[in-house]
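Below is a short briefing on one protein chain.

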Amino acid sequence: MEENLDVLIIGGGPIGIACALQCKKKNLNYKVLEKGALCNSLFNYPLNMTFFSTSEKLEIDGIPFISNNPKPTRNEALEYYRRVVTSHELHIHLYETVLSVTKENELFQITSQKNTYRSKNIVVSTGFYDIPKLLNVPGENLAKVTHYYKEAHPYTLQKVAVVGASNSAVDAALEIWRKGGEVTMIVRGPHIGDRVKYWVRPDIDNRIKEGSIAAMFNSEILQIEAESITVKTPEGSTAIPNDAVIALTGYQPNFTFLTSLGVQLSEEKQIPNYNEKTMESNVKGLYLAGVICGGTETHKWFIENSRVHAQIITDDILHKIEESEVS
């Protein structure tokens, strides 16, 4: 059992790091628990990913982020956040999964796979990249199916189905085609997604138009088999040869974990109940930060517009501490 903390932060991504920086600046006793690598979601992004945001919009606490180009890459972002953590000697425990959280009187007890902590406040900044939205079709559990894309090389000379029409799906389709894969995009809607990066859209549109990348719109996979997939199209169902399926259909926060903490969620979009002025949830002393605040609306919050949550949260915690000392 460790000493009582002022703040325990669950999640060591950019927003968790921003919260840790604010805690240190305000002399709050804190720790960060991260179940994976530092910035685990960013680490699991495609190797060649380029952010939509410019580098200054990804900065935290005013610490300059210098990149080779206006829009930084995954590797540049990882280097930036690593430097922030190490140069400021932030108290972050990696590869330490939180197993349970209970509250007795005014203290939370947090049990991880390595230790038990007590804290007056908790900040949940766990993002949304850990739980993929499944296709829920027969064969989805086959080894050739993945919901994450890392790099193109394994798909050279393979017949690959890329499911989805978002930035991640488009990037995967283009990279795999350029590395010698035969790509078919399976898109539920009538066209490529509206949020696709503007400098990438002409590329994917032209590759589809010329037939280099096949695209099946208004379509969805019905079944996955060892050497083929069955696709429902407006013209009916058809089976096509297939070696690999990359289902990039989106991700969602861990709502089960949130509800286990006592956080109330809206019925329609699973948006958690929190005070926008303080970021405190309906559970006293439990704060939410980052993309997790948007429920299933995972495109509502980004690093650039939620990094302010760190200061809002720590200001409220410090205000409570000062009030308790006066009383």
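The points below are grouped by topic, after a note on conventions.

This is a predicted model, in which local features need pLDDT of at least 70 and side-chain atom pairs count only at pLDDT 80 or more, while totals for chains, interfaces and linings use all residues. Residues are numbered from 1 along each chain as its sequence is written, and side-chain values use heavy atoms, with hydrogens and water left out.

- Helices (H or I, at least four residues) and strands (E, at least two) are DSSP runs, numbered from the N terminus.
- Strand 6 covers residues 116-124 and is largely enclosed by the rest of the structure, because 7 of its 9 residues are buried (buried means under 20% relative accessible area, exposed over 50%, partly exposed in between; 1.4 Å probe, protein chains only).
- Strand 1 (residues 4-10) runs parallel to strand 6 and is joined to it by 6 bridges; two strands pair if DSSP finds at least two bridges between them.
- In this pairing, L5 stands opposite S119 of strand 6.
- Strand 5 (residues 107-112) is antiparallel to strand 6, with 4 bridges, and the two form a hairpin with 3 residues between them.
- Y117 in strand 6 is the bridge partner of I110.
- Strand 17 (residues 286-288) is parallel to strand 6 and joined to it by 3 bridges; here V123 stands opposite Y287.

**Nonpolar cores**

- The largest nonpolar core has 90 residues, and those with the most contacts inside it are I17, Y81, I110, V124, M185, L286 and L288.
- Helix 1 (residues 14-25) gives the most to this core, with 7 residues.
- Apart from it lies another core of 14 residues, including L135, V145, V163 and V231.
- A nonpolar core is a set of buried Ala, Val, Leu, Ile, Met, Phe, Trp, Tyr and Cys residues joined through side-chain atoms within 4.5 Å.
- Leaving aside neighbours within four places in sequence, L286 is in contact (heavy atoms within 4.5 Å) with residues including F108, I122, V124, L261 and V263.

- V291 lies in the loop between strand 17 and helix 7 (303-306), and counts as buried because its relative accessibility is 11%.
- The C-alpha atoms of V291 and W301 are separated by 4.7 Å, although the residues are 10 apart along the chain.
- Beyond neighbours within four places in sequence, V291 is in contact with G127, F128, T298 and W301.

**Around W199**

- W199 lies in the loop between strand 10 (182-186) and helix 5 (201-210).
- With 34% relative accessibility, W199 counts as partly exposed.
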